[in-house]
Amino acid sequence: MTTADVRISEADLADKPLLEIRDLAISFKTGSGEVQAVRNAHLTIMPGETVAIVGESGSGKSTTALAAIGLLPANGRVSGGQILLDGEDISHAPEKRMIELRGNTIGMVPQDPMSNLNPVWKIGYQVKETLRANGRPSGPADVAKVLAQAGLPDAERRAKQYPHEFSGGMRQRALIAIGLSCQPRLLIADEPTSALDVTVQRQILDHLETMTAELGTAVLLITHDLGLAAERADKVVVMYRGQVVEAGPSLELLQNPQHPYTQRLVASAPSLASRRIQVAKELGVESDELLAPGTTPRGAVVVEPTMTEDVLQIQNLKKVFKLRSGFGKSTDFTAVDDVSFSVKRGTTTAIVGESGSGKSTVAQMVLNLLQPTSGKIVFDGVDTSTLNNKEIFAFRRRVQPIFQDPYGSLDPMYNIFRTIEEPLRTHKIGDKASREKKVRELLDQVALPQSTMQRYPNELSGGQRQRVAIARALALDPEVIICDEAVSALDVLVQAQVLNLLAELQSRLGLTYLFITHDLAVVRQIADHVCVMEKGKLVETGSTDEVFDAPQRDYTKALLNAIPGARLMLPPEVA
Amino acid sequence: MIQYILRRLLQIIPVFIGTTLLVYFMVFALPGDPIRALFGDRPPSEAVIAQLRQQYNLDQPFWVQYGLFLKNLFTFNLGVDFTGQPIAASLGRIFPVTVMLAVEALIIQTVFGVTFGLIAGLRKGKIFDATVLVASLVVIAIPTFVLGFVLQLLIGVQLGWAKPTVGANADWGNLILPATVLGLVSFAYVLRLTRASVIENMNADYVRTATAKGLSRPRVVVTHILRNSMIPVITYLGASLGGLMGGAIVTESIFNVPGVGQKLFQAVIRSEGPTVVAIVSVLVLVFVIANLLVDLLYAWLDPRIRYEN
């Protein structure tokens with residue numbers, strides 16, 4: 001290399017990729033030998049460009065990004081290929097070189113704001129040590145400036161606080177401040193907002209976009225959400241089982257996906273579904289029947305008369321929690337405030353809202369797990385607060401829950417047969433043989449092989465576990481199922497399958513769903529009616545079409561706008 | 001915070017009364033007559049015995065004895081023991097020695113336990129880790145008296161690196177051998193606790209983030225792994241301080257350390273109520289204050305723990 005080559009002009013720099021990943025292979029040492037996590041990964045990021053890697057959990061997207069900053073877990077290693085940063089291969093660079101690069105040249109914004117700040121150090125210190133380690137001025141004013149730039153209000157005072165005094169959104173801002181504090185040329189953002197509410201998510205992503213644009217930082221965005229990726233990135237790279245299956249400019253890839261996996265991903269991306277259902281309805285597509293029977297006239301799947309009957313009436317429901325504030329004093333916190341709505345038999349009603357809006361508290365009261373402070377819950381004409389123990393037992397048989405976490409809601413010591421059979425045994429239904437027959441039927445209904453009976457929860461995937469949870473809920477032939485964030489923890493494709501299953505079961509068994517979720521995209525796919533909750537109050541209610549097409553309240557509009565990908569227009573034939 | 005400390009200090013009062021009462025009662029209930037036992041095979045005349053009983057208030061019922069003890073305590077008059085020496089003076093002699101011994105042992109077990117535990121944790125599964133784990137298990141398995149005699153013989157007598165016995169003039173230097181023996185047992189636990197805690201924290205998300213910020217490895221280890229790993233270790237150290245102070249009977253006997261352990265043992269043998277209770281009272285104070293210090297250290301180590309109201 002001659003000296004002439006070394007001097008690179010600005011124009012040259014813009015033409016040369018900042019980061020180029022070639023033929024990358026990463027393997028992990030496990031108890032049963034080496035496992036290939038990533039194979040033949042290709043990726044190019046130009047200076048100032050935003051590139052998104054999209055894929056489900058386990059697709060290798062995070063692993064690829066971590067390799068670029070030299071942070072693979074101890075049992076992982078780059079087993080082939082190159083990671084070129086400005087032409088320098090850093091895939092096997094010594095730790096000393098990586099320490100030089102980290103912070104200064106490559107920054108990172110990690111996924112979970114709750115666990116990525118050290119709880120024992122003040123926020124200011126955690127920013128300060130970043131600045132200091134990278135040889136930048138690190139006085140209190142510099143720290144405050146960095147935090148203020150990331151959109152943290154009152155930064156000087158906030159810097160003196162500890163992470164536990166911050167909300168999730170503020171912590172993520174602090175992490176963004178840390179990631180960008182030394183003005184790196186490349187920022188790796190690993191699911192930077194997946195742990196946050198949609199509206200907060202939007203603010204944070206907007207701010208990140210503005211900041212990186214100002215600084216000219218290139219961004220490698222890791223996400224499971226195709227809509228979000230398409231909206232935020234110039235280019236999208238789709239990874240599936242450790243391989244890059246497709247890459248290209250965002251819109252092009254969305255509109256014309258080539259690989260079957262990308263096609264499935266586009267088809268079931270919940271964030272794009274609001275368009276999809278619209279289109280499907282207009283075209284009168286048959287698959288529409290898989291979705292919940294709603295207010296719009298369509299094929300007579302459900303017996304009409306039952307649909308007019310209110311199976312559940314919530315009247316002026318209120319729940320006040322006493323918060324202890326020391327010395328025996330307590331302050332009142334109104335979690336649910338004067339909420340009224342009714343649910344018609346055989347339909348799906350969704351309660352949406354951000355965390356802390358009181359939606360789960362409503363669900364718990366409907367399930368009779370929590371006593372309302374005032375107000376009534378009328379189930380099938382009977383006020384549930386008047387029930388005695390025996391009647392509550394009977395009530396529980398007719399109203400069943402499905403909870404969010406398919407990992408936490410199944411007993412790990414019970415095999416699947418015992419899990420599904422348990423409610424039958426508790427309610428003394430049938431003998432051993434008939435119960436076993438019933439369990440087999442239920443497994444058929446949720447499309448799980450009967451051999452699953454002998455397995456344990458930890459042997460199943462998240463989607464399979466949620467199917468087990470559904471089968472268990474169905475065991476007692478309930479009339480109403482309360483789904484508390486039942487699909488939030490699942491990958492998009494699995495989520496779509498579970499939603500389809502729920503819709504199918506509804507049309508077959510005439511079930512009524514009360515769906516608690518923070519995800520409006522899911523609501524669009526499954527609900528007939530929507531109740532929007534904000535700070536304990538019901539702020540808007542109506543049919544799904546009404547709420548989505550003509551939201552009345554600013555809060556609802558903000559929620560709808562915050563759905564990633566909502567702004568993207570897709571041609572109907574894609575959807 | 002100050003309110004919290006005051007409240008904790010006030011809690012000492014009921015704890016103090018409760019423990020002394022219990023100990024006093026147990027000594028009172030011991031079988032045998034302490035005065036007769038004092039004279040062994042040649043009993044004195046009944047008049048002498050009666051006079052001694054009166055002198056030590058042994059002819060009074062339990063509640064009166066305990067009340068007199070409390071009264072004396074609050075007037076800073078601990079009385080005399082059965083050999084006629086003032087108890088306060090002998091406490092003044094033995095406690096400094098024991099405190100020195102305990103602190104020295106505490107330093108040894110903390111410094112070596114935390115250092116070795118940290119290195120073992122960071123090198124989990126490597127040779128150093130495996131060696132240290134086995135060695136610590138061996139240390140835990142050997143009883144104190146074996147360890148004590150072996151080290152005394154080996155280092156004290158044969159190699160002559162340290163004084164094999166302490167005797168009357170205890171100082172930091174000649175207490176090194178008993179302090180090592182005393183510290184070795186807890187050292188193994190401190191090491192294992194530190195190691196486990198480090199391994200847990202090493203994989204925390206914030207440690208990865210700290211590395212991603214560009215911090216050097218030593219900085220990550222000290223500021224983000226070590227500090228977060230100290231909480232369980234501090235708990236154990238606080239609890240072990242009490243044990244070091246009061247339970248060093250075996251070690252003190254082997255190395256002839258004129259400390260609390262030996263004195264307490266003798267007093268129990270002689271059913272010397274006032275001496276036993278006086279020593280135990282001081283130990284109770286040490287326990288309570290050590291635990292308060294541990295709780296305050298917690299709050300310093302982990303700001304999520306706050307003591308208000």
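What share of the 309 residues in chain B is buried? In this predicted model, buried residues make up 34% of chain B.

**Chain B**

Chain B holds 13 helices and zero strands. Read from the N terminus, its elements run α-α-α-α-α-α-α-α-α-α-α-α-α. The C-alpha trace of chain B spans about 85 × 60 × 30 Å along its principal axes. Of the contacts in chain B between residues at least 6 apart in sequence, 75% join residues at least 24 apart.

**Contact between the chains**

On the side of chain A, 24 residues are in contact with 22 residues of chain B. Helix 5 of chain A, residues 123-133, supplies the largest share of the chain A side, with three residues. By class, the chain A side divides into 12 nonpolar, nine polar and three charged residues.

**Helix 5 and helix 6 of chain A**

Helix 5 of chain A also packs with helix 6 of chain A, residues 140-149; their axes come within 9 Å and cross at roughly 105°. Angles of 65 to 115 degrees count as roughly perpendicular, and helix 5 of chain A and helix 6 of chain A are therefore roughly perpendicular to each other. From helix 5 of chain A, the residues A:G124, A:V127, A:K128 and A:L131 meet A:D142, A:V143, A:V146 and A:L147 of helix 6 of chain A. The contact has five nonpolar, one polar and two charged residues.

**Nonpolar core**

The largest nonpolar core has 210 residues. Those with the most contacts inside this core are A:L147, A:A177, A:I188 and A:L220. Its largest share, 12 residues, comes from helix 8 of chain B, residues 176-202. Setting aside neighbours within four places in sequence, A:L220 is in contact with A:I45, A:V51, A:A65, A:L186, A:I188 and A:A189.

**Domains of chain A**

The domain assignment of chain A is as follows.

| Domain of chain A | Residues |
|---|---|
| Domain 1 | 13-105 + 185-268 |
| Domain 2 | 112-183 |
| Domain 3 | 310-412 + 477-561 |

The C-alpha centres of domain 1 of chain A and domain 2 of chain A lie 24 Å apart. Their contact takes 14 residues from domain 1 of chain A and 17 residues from domain 2 of chain A. On the side of domain 1 of chain A, helix 9 of chain A, residues 198-215, gives the most, with six residues. That side has nine nonpolar, five polar and no charged residues.

How values were computed. Residues numbered from 1 in each chain as written. Chains lettered and ligands numbered in written order. Predicted model: local features only at pLDDT ≥ 70, side-chain atom pairs only at ≥ 80, totals over all residues. Contact = placed C-beta atoms within 7 Å. Helix = DSSP H or I, 4+ residues; strand = E, 2+ residues; numbered from the N terminus. Nonpolar A, V, L, I, M, F, W, Y, C, P; charged D, E, K, R; others polar. Buried ≥ 20, exposed ≤ 12 C-beta atoms within 10 Å, placed from the backbone. Core = buried A, V, L, I, M, F, W, Y, C linked by C-beta atoms within 7 Å. Axes fitted to C-alpha atoms, helices over the stretch in contact; angles between N-to-C directions. Parallel < 35°, antiparallel > 145°, perpendicular 65-115°, else oblique. Domains from an automatic or database assignment.
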